[in-house]
Amino acid sequence: MAELKGRSGVAKALNAAWVRPFLFLIFIVVGWDVAIRLFRIPAYQIPAPADVAMVLWQDWPELLRQAWPTTNATICGFLLSAAFGIPMAMLIAGSKTVESYVYPLLVFSQSVPKIAIAPLFVVWFGFGLIPKVISAFLLGFFPVVVSAVQGFKSVDPDMVDLARAMQGSRFHVFCAVNLPHAMPAIFSGLKVSVTLAVVGAVVGEFVGSNSGLGYVLQRSIGTFDLPTMFAALVVLALLGVLLFWIVDRIERFVIPWHVSQRADIIFAA
Amino acid sequence: MTPATKTPDAEQPGAHLRLVSDRAASATPDIKLTGVSKTYRSHDGDVASLRPLDFHINSSEFFVVVGPSGCGKSTLLKMISGLLPPSGGEIFVEGEPVTKPHGNVGIVFQNALLLPWRNILDNVMLPIDMKRLPREKYLPRAMALLKMTGLDGFEKKLPWQLSGGMQQRASICRALVHDPKIMLMDEPFGALDAMTRERMNVELMRIQRETGKTVLLITHSIPEAVFLADRVLVMTERPGSIAAIYDVPLPRPRSLDAMADPVFTELVQRIRRHFFTDSALD
């Protein structure tokens, strides 16, 4: 680090937002390697970073091929949770009756461990894509609903009154006031949801599948092939980061006006 | 403005200002309330918010309601705009009975309530979008209003880029853009600092004179009420009812100097007594 300080170009690169987590990651990997050497941790407990990197290097076509079904299930499950979660939140926020009937049950359903019921989906829908999608959907659904309900409910009632007093129809007022107002909350829910959907897809693959990263994980745990297992985890993490980043980009595009994005606006202006 | 009738009041010496305005309603008052009351239903039974009210506001009149917190002032405003049905009595706006939102009013709340995702111009155009009127027809009007309130050049800015006073000016533009006959203002400058507030008061009076709108303004501030109003309605504690209606015989146009006028100070004192009858002010 010391020799880098003098050069301003490098210093600038170090300040770039994406470099920082990368540097931190390198720090962790080095710490990991040092810890293994220092405490003589056997390879069947924690693999060395070099071994994991080797698997990633050698098996990347296979890992990439297995990542595809997982990605597919994640995205389908995530889109489903958005497609059902947001309208569900509208209903819950819009009607006290719906809220009193549905919301407690929804919370109740969340305390059911998905991994316990995931085998059921395999029984019902076979070994294909569907049980994985359902599992991803079930995990991703809840955060979207909770955040969106919060978003829809936090609209200033005076603002709604104002729009209604201008003879806006219910639908009109909703589109002009409530929905945009709820957008930041919806997006924070979607970001949580997309990472949980990855977990959901893997859970689905754990219990009954012959493809996907979850399947690779399951198989490598069975054979104590820890480097492969860690390699699969790395790919999964990358998948989560990538999907999160995509949602984040969409958020910036959809709600450029929001507090969290303001620095960018000033830059652009 | 017609001079207020002055009758000496034996009970309150020095209060030469006429209590309870007897200014007659014109043939077609802009706002007319007959026996309007409001009762809210709650778990512990009915809670009276407003006792039956009768008053009228004439065309182009600046009418200010002053009263303690929770006396139902905001309820009154919502009922006149048609957002809330009264429990009893009838409200007429421009001769028509009010049963649902009628859009003949522009509303300004304490907070500017600008939509953060719309720029200033689009915020001002909100009523046009809600009423589905032709945008291009009202765009010049919106621009003229922004110019009148000193906001020209800020059309494309987002609300958070403006100061509190500027935001509130934009919300006044929004209340005026669809050219309603009546402006309803609920403590419009309550959230502003004292200096901005005084400036906004002067500005509001100018806008009201230029546009000839009928204004119903609600405030906590007695000096503000007297400074702005043609007539001041004083409300009692909850459940709200009319304590008195005063004519304000100060000449127009008024500058801030009017606040030093003995008529002004006396009237402020007089109104204050309604709220602090046991205090040292007596």
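Trainee: Which residues of helix H9 of chain A are buried?

Mentor: In H9(A), which spans residues 213-222, the buried residues are A:Leu213, A:Gly214, A:Val216 and A:Leu217. Viewed down the helix axis, these buried residues of H9(A) fall within an arc of 160°, so they line one face of the helix.

Trainee: Against which helices do the buried residues of H9(A) pack?

Mentor: Their partners, in chain A as well, are helix H3 (49-94), helix H8 (170-207) and helix H10 (226-254). After H9(A) comes A:Phe224, which has a positive phi, near 55°.

Trainee: How many residues of chain B are in contact with chain A?

Mentor: On the side of chain B there are 19, and they are in contact with 16 residues of chain A. Strand E6 (105-108) and helix H3 (126-130) of chain B each supply at least two residues of that side, and H3(B) gives the most, with four residues. By type, the side of chain B that touches chain A divides into 13 nonpolar, three polar and three charged residues.

Trainee: Where in chain B does pLDDT stay under 50?

Mentor: Where pLDDT is low, the predicted coordinates should not be read in detail. In chain B this score stays under 50 over residues 1-18, for which the model has 23 contacts beyond four places in sequence. Chain B averages a pLDDT of 83, with 88% of the residues scoring at least 70, while the model scores ipTM 0.77 and pTM 0.79.

How values were computed: Residues are numbered from 1 along each chain as its sequence is written. Chains are lettered from A and ligands numbered from 1 in the order in which they are written. This is a predicted model: local features need pLDDT of at least 70, side-chain atom pairs count only at pLDDT 80 or more; totals for chains, interfaces and linings use all residues. A residue is buried if 20 or more other C-beta atoms lie within 10 Å of its own, exposed if 12 or fewer, and partly exposed in between; C-beta atoms are placed from the backbone. The arc is that of the directions from the helix axis to the C-beta atoms. Two residues are in contact if their C-beta atoms, placed from the backbone, lie within 7 Å. pLDDT is the predictor's confidence in each residue, from 0 to 100. Ala, Val, Leu, Ile, Met, Phe, Trp, Tyr, Cys and Pro count as nonpolar, Asp, Glu, Lys and Arg as charged, and the others, Gly among them, as polar.
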